[in-house]
Amino acid sequence: MTTADIAYICANYLTLDELCAGRDETPAEMRRLIEKGLLPRPSYVLEDGTEMFPADYFRLVDEAGGPGALRTSFEERLRAGGGEDLESDWQTYLAGIYGVCLRDVTPEAIVRKARLVSSLCELLVLARPADPEWRERLRAEVDELDELEREFSPDYDRNEERFGRKPTRDLLVAAARERYPDVFSSEFAAR
């Protein structure tokens, strides 16, 4: 991790001690639940071993009524949102990955991101830049994905070894804006 990565992570994530402050649960209890696979792992582990979590880490746990009900609640919400890959999404959630990429780590955001990624891949592969409807859809979907996703760390998350590829923010949001700058210009937005 670079100094810029650490600055980004420290500005946007919290330690388990910080998250547990003011709660009944202790960090040690939460770590046991993480090890049992009942709660997500940290999204980042700094070189000194400090575990970093998104600020909304306990949101789904609290909405579910506790760690024991988390998986059932997660799956119900994912299914209700149209999610289809329950086991994969659950494992990715437990790995802490959604805390890296989503501003709000919810099943609904997970499903919406998956749909946007799929749609944007199609839009970019089957580009029709002269078509006003295509242009409007590209702009709307890129802007929505931009709102759903975090910025990602400047270097660490962009190292293809981390996820096996660049983040979707780079592959879709930035790439679309670079390839079709006129679609995203303020002049186009005014139309």
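1. Let me begin with a pair of helices: α5 passes α6 in a right-handed crossing, meaning that the near helix is turned clockwise from the far one by less than a right angle. Helices here are DSSP runs (H or I, at least four residues), numbered from the N terminus. Please keep in mind that this is a predicted model, in which local features need pLDDT of at least 70 and side-chain atom pairs count only at pLDDT 80 or more, while totals for chains, interfaces and linings use all residues. Residues are numbered from 1 along each chain as its sequence is written, and side-chain values use heavy atoms, with hydrogens and water left out.

2. Helix α5 (residues 67–80) and helix α6 (residues 86–94) have axes that come within 11 Å and cross at roughly 125 degrees. Axes are lines fitted to C-alpha atoms over the stretch in contact, with angles from 0 to 180 degrees between N-to-C directions. The two helices are therefore oblique to each other (under 35 degrees is roughly parallel, over 145 roughly antiparallel, 65 to 115 roughly perpendicular, and the rest oblique).

3. Which residues of α5 and α6 meet? Leu70, Arg71, Phe74, Glu75, Leu78 and Arg79 in α5 meet Leu86, Glu87, Asp89, Trp90 and Tyr93 in α6, where contact means heavy atoms within 4.5 Å. The residues of this contact divide into six nonpolar, no polar and five charged (Ala, Val, Leu, Ile, Met, Phe, Trp, Tyr, Cys and Pro count as nonpolar, Asp, Glu, Lys and Arg as charged, the others, Gly among them, as polar).

4. Leu70 and Tyr93 turn up again in the largest nonpolar core, of 51 residues, where they are among those touching the most other members, along with Leu16, Leu39, Tyr57 and Leu138. Helix α8 (residues 107–125) gives the most to this core, with eight residues. Such a core is a set of buried Ala, Val, Leu, Ile, Met, Phe, Trp, Tyr and Cys residues joined through side-chain atoms within 4.5 Å; buried means under 20% relative accessible area, exposed over 50%, partly exposed in between (1.4 Å probe, protein chains only).

5. Do look at phenylalanine 184 too, in the loop between α11 and α12 (186–189). At 16% relative accessibility, phenylalanine 184 counts as buried. Leaving aside neighbours within four places in sequence, phenylalanine 184 is in contact with Leu138, Arg139, Val142, Asp143, Ala176 and Arg177.
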